[in-house]
Amino acid sequence: MGAGAQLSVTDKSRAARHPVNHPVIGEHRAMGDVHMHIVNISAQGFMIDGELPLGRGERVTIRLPVVGQIEAHVIWQ
């Protein structure tokens, strides 16, 4: 594919993760709107429930309450 971000995997699992129950709609450049369900979040990222046809390095833009719009990159699935 080649259009994804160049990512290096680092161990950020020690960051405090906070459980949440928050549905969001992400915007993907090729797929358009993507429905996601965030189940936990930390300062370095978030985890969604379910499967999405996104590969490592792909990005989606989501809008979070208080935080606003952010661009997120898939690190692992």
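What follows is a short exchange on a few residues of this predicted model.

Me: Where does Ile38 lie?

Reply: Ile38 lies in strand 2, which covers residues 32–41.

Me: Buried or exposed, for Ile38?

Reply: Ile38 is buried, because its relative accessibility is 1% and the cut-off for buried is under 20%.

Me: Which residues is Ile38 in contact with, leaving aside neighbours within four places in sequence?

Reply: Ile38 is in contact with Val20, Asn21, His22, Val24, Phe46, Met47, Ile48, Ile62 and Leu64.

Me: What separates the C-alpha atoms of Ile38 and Gly50?

Reply: The separation is 9.5 Å, with Ile38 and Gly50 12 residues apart along the chain.

Me: Switching to the surface. Which residues form a nonpolar patch there?

Reply: Met47, Ile75 and Trp76 do, and together they have about 340 Å² of accessible area. Met47 is also one of the contacts of Ile38.

Me: Where is Trp76 found, and why does it count as exposed?

Reply: Trp76 is in the segment after strand 5, the strand of residues 68–73. Trp76 counts as exposed because its relative accessibility is 67%, and the cut-off is over 50%.

Me: And what is the place of Pro65?

Reply: Pro65 sits in the loop between strand 4 (59–64) and strand 5. Pro65 is exposed too, at 52% relative accessible area.

Me: How far is the C-alpha atom of Pro65 from that of His22?

Reply: Those C-alpha atoms are separated by 9.7 Å, while Pro65 and His22 are 43 residues apart along the chain. His22 is among the contacts of Ile38 as well.

Technical notes. Residues are numbered from 1 along each chain as its sequence is written. This is a predicted model: local features need pLDDT of at least 70, side-chain atom pairs count only at pLDDT 80 or more; totals for chains, interfaces and linings use all residues. Side-chain values use heavy atoms; hydrogens and water are left out. Patches are made of residues with over 30% relative accessible area and no salt bridge: like charges are joined within 9 Å, nonpolar side chains (Val, Leu, Ile, Met, Phe, Trp, Tyr) within 5 Å. Accessible areas come from the Shrake-Rupley method with a 1.4 Å probe; for residues, only the protein chains shown count as cover. A salt bridge is a side-chain nitrogen of Lys or Arg within 4 Å of a carboxyl oxygen of Asp or Glu. Helices (H or I, at least four residues) and strands (E, at least two) are DSSP runs, numbered from the N terminus. Buried means under 20% relative accessible area, exposed over 50%, partly exposed in between (1.4 Å probe, protein chains only). Contact means heavy atoms within 4.5 Å.
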